[in-house]
Amino acid sequence: MTRLLHFGTIAGLASLFGVLVPPHALDELMLPLIAVLPVVASVLVLRAGTPMPSAGWERIDPVRRHRFTRRLVERTLAYRRAVFILSGSFLALAAMFAVGKGGVLDGLLSQRQEQLVAAVVGGLIGLCGSCLPEILRRECAVADIQKRLLDELPVFRANRPGAQVIRLVPRAGA
């Protein structure tokens with residue numbers, strides 16, 4: 001379902017740009033896109049470098065700990081994919097802008113080829129836009145697991161010899 005949504009977003013924006021965006025409007029659109037893509041990529045790189053919690057891991061059930069670390073790895077891979085997509089889109093848009101700068105291609109491209117260039121730009125925007133919700137979904141999944149792990153972490157009481165699990169949220173059906 002997620003891949004279908006990605007492909008639908010990319011194809012939809014590519015076709016909309018190919019049909020509705022005139023070629024002269026791309027000149028005005030390229031500079032803001034070229035400026036924003038590296039900023040978004042750098043924010044993702046900074047966010048991907050957030051440290052993992054380091055205290056209390058020995059008291060967490062190994063199965064839950066494995067599930068959590070697996071989700072952390074999935075999140076990191078999603079960040080890496082998004083940074084590669086944003087960087088590749090930045091390079092492609094910068095190359096298109098540099099080639100079209102100063103009217104180099106004025107009169108050389110047919111109407112169909114200009115629509116194809118607009119469709120490629122729309123597809124790149126769709127690709128960049130469709131990778132960001134995936135990152136948000138993975139980030140929320142990691143936060144959810146982290147919350148559940150912390151809610152069920154054993155707490156040592158001063159008057160008791162062992163650990164006691166304190167549940168802040170009752171189990172379903174209890």
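The model is predicted: local features need pLDDT of at least 70, side-chain atom pairs count only at pLDDT 80 or more, and totals for chains, interfaces and linings use all residues. Residues are numbered from 1 along each chain as its sequence is written, and side-chain values use heavy atoms, with hydrogens and water left out.

**Helix packing**

Two packed helices are described by the angle between their axes and the distance between the axes. Axes are lines fitted to C-alpha atoms, for helices over the stretch in contact, and angles run from 0 to 180 degrees between N-to-C directions. Helices are DSSP runs (H or I, at least four residues), numbered from the N terminus.

| Pair | Angle | Axis distance |
|---|---|---|
| α1 (residues 2-20) and α4 (residues 111-151) | about 150° | 7 Å |
| α2 (residues 23-48) and α4 | about 25° | 12 Å |
| α3 and α4 | roughly 160° | within 9 Å |

Angles under 35 degrees count as roughly parallel, and those over 145 as roughly antiparallel. α1 and α4 are therefore roughly antiparallel. α1 passes α4 in a right-handed crossing; this means that the near helix is turned clockwise from the far one by less than a right angle, and left-handed means anticlockwise.

On the α1 side, the contact (heavy atoms within 4.5 Å) includes H6, I10, L13 and F17. Among its α4 residues are Q115, G122, L127 and E134. The contact of α1 with α4 holds 10 nonpolar, nine polar and one charged residue. Here Ala, Val, Leu, Ile, Met, Phe, Trp, Tyr, Cys and Pro count as nonpolar, Asp, Glu, Lys and Arg as charged, and the others, Gly among them, as polar.

α2 and α4 are roughly parallel, given their angle. Their crossing is left-handed. α2 contributes residues including L26, M30, L37 and R47. From α4 come, among them, E114, V121, L132 and E139. By class, this contact has 15 nonpolar, no polar and three charged residues.

α3 and α4 are roughly antiparallel. The crossing of α3 and α4 is left-handed. Their contact has 22 nonpolar, two polar and nine charged residues.

**The cavity**

A cavity is a set of points on a 1 Å grid over the protein atoms alone where a 1.4 Å probe fits but cannot get out; lining residues have an atom within 4 Å of a point. Grid points are joined across faces, edges and corners, and a volume is the space filled by probe spheres set on the points.

The count comes to one cavity of 30 Å³ or more. The largest cavity holds about 40 Å³ of space. Its lining consists of R64, R67, I145, R148 and L149. The largest share, three residues, comes from α4. By class, the lining has two nonpolar, no polar and three charged residues.

Note on methods:
Helices (H or I, at least four residues) and strands (E, at least two) are DSSP runs, numbered from the N terminus. Angles under 35 degrees count as roughly parallel, over 145 as roughly antiparallel, 65 to 115 as roughly perpendicular and the rest as oblique. On a 1 Å grid over the protein atoms alone, a cavity is a set of points where a 1.4 Å probe fits but cannot get out, and a pocket is an open set with protein on both sides within 12 Å along at least five of seven lines; lining residues have an atom within 4 Å of a point.
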